[in-house]
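Morning, everyone. One structure today, and I'll keep it brisk. Please have a look at the screen.

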Amino acid sequence: MAALNLNANLPVYIQWPDDAALTLIQRRRAYQPLFTTTRLHDQNQLWRGIARDIRNNHIFRPTRKQCREKWNALKLGYENLERLINRNPEGYPTRTPTLHDERFHQELSDEFWRVERKYLLFN
């Protein structure tokens with residue numbers, strides 16, 4: 001009888017080192033033109049490249065999925081902290097900022113990811 005793994009579907013939380021998180025932001029910024037012109041389901045290639053860049057420059061070894069998830073967490077943390085700083089005029093739910101929310105707020109303050117997507121037409 002095979003052993004039952006009760007933890008198989010639980011999310012695995014990893015602690016990103018500050019230097020790797022900063023590299024993630026810098027690489028995501030560098031890849032921004034490609035993200036605006038690449039179809040959403042083709043962006044895995046871009047995340048794979050970002051993960052490879054981090055692995056090549058740090059001891060930390062994230063996967064493309066972990067990079068995408070950390071990026072989304074950084075954006076949400078930035079938006080949350082912005083709400084808190086601006087006294088949340090829209091009344092959105094907020095939470096206590098994490099250390100990375102605070103450490104990387106300035107690095108994300110230009111909101112470079114908010115440029116309009118260039119939709120591709122495929123015949």
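**The core**

The largest nonpolar core has 21 residues, and W16, L24, I50, I54, C67, W71 and L108 have the most contacts inside it. α1 (18-30), α3 (44-57) and α4 (64-85) each supply at least two of its residues. α3 gives the most, with 5 residues.

Terms, quickly. A nonpolar core is a set of buried Ala, Val, Leu, Ile, Met, Phe, Trp, Tyr and Cys residues joined through side-chain atoms within 4.5 Å. Buried means under 20% relative accessible area, with a 1.4 Å probe and protein chains only. Helices are DSSP runs of H or I, at least four residues, and strands are runs of E, at least two, numbered from the N terminus.

This is a predicted model: local features need pLDDT of at least 70, side-chain atom pairs count only at pLDDT 80 or more, and totals for chains, interfaces and linings use all residues. Residues are numbered from 1 along each chain as its sequence is written, and side-chain values use heavy atoms, leaving out hydrogens and water.

Now C67. What is C67 in contact with, leaving aside its neighbours within four places in sequence? W16, L24, W47, I50, A51, I54 and P62. Contact means heavy atoms within 4.5 Å.

**The whole chain**

The chain has 6 helices and 0 strands. The pattern reads α-α-α-α-α-α along the sequence. Of the 123 residues, 32% count as buried. Take the contacts with a separation of 6 or more: residues 24 or more positions apart account for 62% of them.

That's my tour. Over to you.

Key: Buried < 20%, exposed > 50% of the residue type's maximum accessible area, 1.4 Å probe, protein only.
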